[in-house]
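Reader: Could you walk me through this structure, one topic at a time?

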Amino acid sequence: MSENFELDTDDLKRRMDGALANLKTEFASLRTGRASGSMLEPVMVDAYGSMTPINQVGTVNVPEPRMVTINVWDKGLVNKVEKAIRESGLGINPQLNGTIIMLPIPELNEERRRELTKVAGQYTEHARVSIRNVRRDGMDQIKKAKADGMSEDDQKFWEAEVQELTDKMIKVIDDALETKQAEIMQV
């Protein structure tokens with residue numbers, strides 16, 4: 001059995017890619033100086049007795065670089081959507097116009113930009129931890145196979161494979177952080 005041991009590196013890579021995709025989703029929710037429909041993705045509305053994403057109660061549009069509009073389909077939900085946005089911590093003050101909610105995106109000041117870069121750093125650290133957990137799982141599988149009689153050369157080979165994959169993904173995450181921080185700090 002140990003002679004035929006093959007680590008499922010595709011599974012490890014898929015799980016690491018999942019951590020990267022999650023990081024990119026979290027980055028999209030960070031507010032930079034520009035309007036983006038994705039910044040509303042984490043906001044949930046209490047609609048019809050359950051928590052619902054905003055894009056399922058109305059149409060989210062970005063008509064201009066500093067404005068997001070939400071055309072709420074059900075008039076009865078307009079105030080709930082407005083309340084959800086106010087309480088979301090995005091720092092945006094919604095303006096009502098019938099069933100359309102307008103969200104003017106204010107210019108970020110220097111202090112807020114620095115806070116956002118720290119938040120981006122925290123998101124990145126969570127992604128790094130996720131990748132290291134996947135690495136640990138891979139290493140545990142290798143150790144288990146070693147205990148079942150895998151040769152030391154094979155053990156070193158697979159450990160190097162897992163470490164190389166981990167290093168590559170950590171670099172991708174660090175590059176994504178640098179890009180996001182530059183985007184946030186851009187005036």
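Author: In β6, Leu-96 has Ile-101 as its bridge partner. This is a predicted model, in which local features need pLDDT of at least 70 and side-chain atom pairs count only at pLDDT 80 or more, while totals for chains, interfaces and linings use all residues. Residues are numbered from 1 along each chain as its sequence is written, and side-chain values use heavy atoms, with hydrogens and water left out.

Reader: How many bridges join β5 to β6?

Author: Three bridges join strand β5 (residues 95–97) to β6, and the two run antiparallel. Strands here are DSSP runs (E, at least two residues) and helices are runs of H or I with at least four, numbered from the N terminus; two strands pair if DSSP finds at least two bridges between them. In the hairpin of β5 and β6, with two residues between the strands, Gly-98 takes a positive phi near 70 degrees.

Reader: And which residue stands opposite Ile-101 in β4?

Author: Ile-70 stands opposite Ile-101. Strand β4 (residues 67–72) is joined to β6 by five bridges, again antiparallel.

Reader: Changing topic, how many residues has the largest nonpolar core?

Author: The largest core has 28 residues, and Phe-5, Leu-7, Phe-27, Ile-131 and Ile-142 have the most contacts inside it. Such a core is a set of buried Ala, Val, Leu, Ile, Met, Phe, Trp, Tyr and Cys residues joined through side-chain atoms within 4.5 Å.

Reader: Which helices supply it?

Author: α1 (9–29), α3 (110–147) and α4 (152–185) each supply at least two residues of this core. α4 gives the most, with nine residues. A second, separate core of 21 residues includes Ala-47, Ile-54, Val-57 and Ile-92.

Reader: What about Glu-178, buried or exposed?

Author: Glu-178 counts as exposed because its relative accessibility is 55%. Glu-178 is found in helix α4. Its C-alpha atom is separated by 44 Å from that of Gly-149, 29 residues apart along the chain.

Notes: Buried means under 20% relative accessible area, exposed over 50%, partly exposed in between (1.4 Å probe, protein chains only).
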